[in-house]
Amino acid sequence: MQEQFRETLALKEALKHFIEATEELNRSYTALKEEVKRLSEELSQQKNLLKAIIESINDGVIAINREETVIASNQKAKELFGIEDGKKIHTFLPNLEGELEFYTIDGERKVVKVSNFPLKQDGKEIGKVVVLRDITRERELEEENKRKERLSAMGEMAVTIAHEIRNPLGSIELFAGLIRKEGDPEVKRWAESITKVVKSINNLISNMLIFTRPLHVEKELLELKEVVEECAEAATHALREKGIELEIKGKAIRAWADRELLKQAILNLLINAIQAIEDRGSITVEVGERENEAFISVTDTGCGIPKEVQKKVFDPFFSTKKRGTGLGLAIVHRIVEAHHGRITLSSVPGRTTFTIYLPKDGEDSPRHSP
Ligand SMILES: Nc1ncnc2c1ncn2[C@@H]1O[C@H](COP(=O)(O)OP(=O)(O)OP(=O)(O)O)[C@@H](O)[C@H]1O
Ligand SMILES: [Mg+2]
């Protein structure tokens, strides 16, 4: 009996220990669970922070493994090249070093600098980090500066030529005038032709001189769409003759500009667009705003401008047309520059866009500026 009692007591004692041990285990388990939860939250926070850092970089960032498969990429890389994780990098990017120039589906030119760095983990190279930097704007500025240098050199030459030609031209005009008064009818007609030619040469010289003299800019607050509509009206005949549809898009936007000069610039773009369309086609003029600029873009469905030609179109006297003076775009450039604006060009066969950007804070700049 006593033996039985002792056994029960021992069993009870063992049970008590067992329960205590289970409780201890339970406590440890809960603590461990909490620790795991805390660690995974910390890990996920770290991951989110890393992701936020990579997403905040204004460059495209791609990580690839040794097999050149994309293991991570940020949004910017996806926007620039449609990069997808899990795919081979060469399906998107032929070279991992150098400069890449291409056109987006919207016909917008992009220049991207590609560079790569070793991706190391615990001192071991496990792949590469590829960085894509959008240098389109920098490239545009570089081209703009080169263009300005060329224009000023040509401008100096133009002044000399203009003076040399204008003097004898004055005499020719004077004598032709005298002959027109005195001569017989046939001679009079010749004299009239001479006067006409002299006028067109004079016109050409005036256009040339636009590059050399400070432009007199008289700014007023203009409703850009209204100005575009006036230009469209002036081009009605030429548009109708070629069966070209013209669409004017965009909301009402106002900017400070010289009405006559801006009209001259838009009209030059419109005429070029019309001339670029062989037969039928359409032209879209859009008025809009972007950050601190207002813009007017002229897009045509014409022949397009080959890449090697694009660099030269703003040069005075550059023309691919039989009867072109090659001064149209140079004048547009000059006018835009005098408004402290800028002009960009993007072109693929069947779609060419020239965009004039005007600063929106134009009211702060002097009304009469060179
Ligand atoms: N919308 C366009 N589409 C295709 N090519 C264009 C367009 N605009 C300009 N170009 C090209 O740029 C060249 C220069 O244009 P620019 O207006 O300066 O001179 P032009 O039109 O040839 O002569 P001008 O304007 O004096 O009559 C053109 O000869 C043409 O090759
Ligand atoms: Mg032209």
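The second largest pocket of this predicted model is lined by 35 residues, and N272, Q275, S319, K321 and L329 are those nearest its centre. Elements that each supply two or more residues to this lining are α7 (259-276), β11, α9 (328-338) and β13. Of these, α7 provides the largest share, 8 residues. Helices (H or I, at least four residues) and strands (E, at least two) are DSSP runs, numbered from the N terminus.

A pocket is found on a 1 Å grid over the protein atoms alone, as an open set of points where a 1.4 Å probe fits, with protein on both sides within 12 Å along at least five of seven lines; lining residues have an atom within 4 Å of a point. Volume is the space filled by probe spheres set on the points, which are joined across faces, edges and corners.

The largest pocket has 43 lining residues, with E140, R342, T344, L345 and Y357 nearest its centre. Among the elements giving two or more residues to that lining are β3 (98-103), β4 (109-121), α3 (136-182) and β12 (342-348). The top contributor is α3, with 11 residues.

| Pocket | Volume | Lining by class |
|---|---|---|
| Largest | about 1400 Å³ | 7 nonpolar, 12 polar, 24 charged residues |

Ala, Val, Leu, Ile, Met, Phe, Trp, Tyr, Cys and Pro count as nonpolar, Asp, Glu, Lys and Arg as charged, and the others, Gly among them, as polar.

Residues are numbered from 1 along each chain as its sequence is written. Because the model is predicted, local features need pLDDT of at least 70, while totals for linings use all residues.

How values were computed: Chains are lettered from A and ligands numbered from 1 in the order in which they are written. This is a predicted model: local features need pLDDT of at least 70, side-chain atom pairs count only at pLDDT 80 or more; totals for chains, interfaces and linings use all residues. Side-chain values use heavy atoms; hydrogens and water are left out.
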